[in-house]
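Dear colleague,

Here is the structure I promised to pass on to you. My notes on it follow directly after, and I would be glad if you read them with the model open.

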Amino acid sequence: MATAHDTHDAASGPGGVPVHMIAHPTPEELRARKAAGRIRLERNAELMSLSMGPQHPSMHGVYRAELELDGEVIVSARPEIGNLHRGVEKLCEHRTYHQIIPLTDRLDYISSFAMNHGFCEAAEKLMGVEVPARGRYIRTLAHELCRLSNHILWLGTSIMDLGTQTFFTICFRDREYVLDLFEMLTGARLTHSFGRIGGVAKDLPDGFDHRCRKVIDFLPKRLAEYERIIKQNRIFIKRAKNIGIFTSDDCYAWRVTGPTLRAAGVARDLRKDEPYAAYPEVEFDVAVEYNADVYDRFLVRMREMRESCKIIRQCLDNLPDGPFLAPDAGHSLALKKNVLHDSAAMIQNFYQVFQGPQVPKGEVYRCIEVPKGEMGVYIRSEGGAKPARVRFTTPSFYHGQAVPALVEGEMVADMIAIFASVDVVLGDCDK
Amino acid sequence: MSDPVAELVFLIIKAILMPVIIILMVAFAIYFERKFAGFFAGRVGPTYLGPWGSLQSFGDVFKLISKEDVIPSRSDKLVFKLAPYIAFVPAFLVMAVIPFGSVGGEANLFGYRFDYVISSFDTGLVLFLAMGAIGVYGVVLAGWSSNNNYSLLGGLRAGAQMISYELAMGFSVAGVMLMAGSMNLVDIVDGQAGAFWDWYWIPQIVGGVILFVASIAELNRTPFDLAEAEQELVAGHLTEYSGMRWGMFYLAEYVNMIVVSAIVSTLYLGGWRAPFESWNVIPGPIWLFIKICFLIFIYMWIRWTIIRYRYNQLMSIGWKVLLPLSIANLVVTAIVISVVG
């Protein structure tokens, strides 16, 4: 992975100043800053153990952390996950590739299309299916809508975790616009199952273009307002600056990816580095910040949301004509509207639904950038319609396991802020 | 004309009416808090019970009373049961010394003199500070006796926070004390006779702001609601409480809010006096009520707007900002008074 110090072109710093013009803190400086903010503990203090979660207002699901506290300071933390384990990976072994897609919805249910997308990309790589241009653009569009809804929800919940509930509902109101778009596009609001092997389930409905443009015209104004709140609120700055510093080295060590890694000054974004879908054809910037603290994670996500709006607009502008689902009778489903009056489509439908795609032997690993970080999908096939083994490496799992390294030495209130800032969803973590 | 029998009758009436009015005010304060919270957050707030949901608080009280009263088996049961009362009762007592109209004038009611205060005694301001200090015990004991680590942390935070903010509070009201030359709240209001520019909020603006900020900490409201920080400590010292015991803490919080608003308006905003002397035809209690409502609205506004401070930040504000400022305010006031006369 390249650090931002040697990829100036990919990133521009705050205020549009080229990155190499600004002196950025090195990991050593960040570590020193982290040490300076720490409260010194007495030796041999009597510790209090506090079991935070799985039922706790700000554990974002059923995460549990067993904390050892010295007063308010966390001496050690031991995460416990698995309360939401549903055995998704095992379930995948008993389903055809088409049937796995709804399961992936339930991984990160906040951004379910992104999960569909990851699996479809991997399965297509395994089967050698080429996605038509329109399908790639619709995927990119839906994926960025996911990123928007995920980050808006994240913004609301993490500011709520800092202590104000008002922001939470305001962000939910804005997320509603995005969910309405999803409802129009896919028919569902949360678990869309919109991805298909070889493309997407449906074409853009009539009027979607207009409504989507309205939302992405309107959201950046709202986001600018929120950004003002973040940048000008002194209490927020006090609570977020220099809190939870997690340097790029730490991120590598714990495989922390996504906005947390980008807030540590690493311009790593799979959408740019290993492009897929329509990302090579759209223009966008990778949001990078350099102080690796909670505040910078806020800034990164705020900028990412704007970039998402930019990408969605480009997708709408440049949406190519043609099929949205690969006309690949061996691997992708038939178009629903043809099934009842086209014999070839009917046969394809029967074949795909009852037998499933016939996949050659082999294994594949595909990694994409989902809103929370990097999501990898590993599929091993021993021939036939069902995979022999599916493995999801989802970002929340790695972010959840890094929590001890993130919070040890911090105060309880900061732990909540830090935990929120790395963005963990337990469906994604426990699988 | 003063008649001991009439005075006794009036006293009993006042002593009964005052808590009733306060409780009613609390009910509507809770309703308005929820309504405002809704409006701030782009929601509508309670709507079901009564017109515009205005009877919501009464419904809540019936719900709380009818709930099962759970006492944790490993708790310190006596203290656990006692703590809500320790928080609840002192909150009311302060209202006894707050004048809500003219005191010691001519006969004004059926030929008898009706004093618009329950008890006019010379250390009223000290009573306010003392009752605030006792209220801390309610929170700390609740946190201790619940035998729950979240409660303990909440009680710990509350204890440290309230005690350190009490100092700033004490020093800031001392400025008013010097100006009025009395600790009796009736005398303090008399010292602010005239229009609104004669009130103490102009000379004592620093003290007033400090008292207001410190009272937010004393009331455990955002941004200083560390004791029951929902996102961190679940419900802090209230975690193990349920039913009406929890309700009593909740009531105590709102009674305290009304009391502190009454104190702030009495000390700095002329108490029951109208902003212009000619407006005094409208009776004093109404002016006091308006001022209390105004201050309560500000408390709510702050609560639903601002993010919570962290524990050590809160302590450093209390000790490094508010306390030195309030002492400086006291010293400057003392010098000015001794020079000017």
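In which loop of chain B does B:W52 lie? B:W52 is placed in the loop between helix 1 (4-40) and helix 2 (56-66) of chain B, where helices are DSSP runs of H or I with at least four residues, numbered from the N terminus. This is a predicted model, in which local features need pLDDT of at least 70 and side-chain atom pairs count only at pLDDT 80 or more, while totals for chains, interfaces and linings use all residues. Residues are numbered from 1 along each chain as its sequence is written, and chains are lettered from A and ligands numbered from 1 in the order in which they are written.

Although B:W52 is not a glycine, its phi is positive, at about 50 degrees. With 14 other C-beta atoms within 10 Å, B:W52 is partly exposed, a class that falls between buried (20 or more other C-beta atoms within 10 Å of the residue's own) and exposed (12 or fewer), with C-beta atoms placed from the backbone.

In chain A, A:R255 also has a positive phi, near 55 degrees, and A:R255 sits in the loop between helix 9 (248-254) and helix 10 (259-262).

As for the contact between the chains, 22 residues come from chain B and 26 residues from chain A, a pair being in contact if their C-beta atoms, placed from the backbone, lie within 7 Å. On the side of chain B that touches chain A, helix 8 (230-233) and helix 11 (311-340) of chain B each supply at least two residues.

The model scores ipTM 0.79 and pTM 0.84.

Terms used
Contact = placed C-beta atoms within 7 Å.
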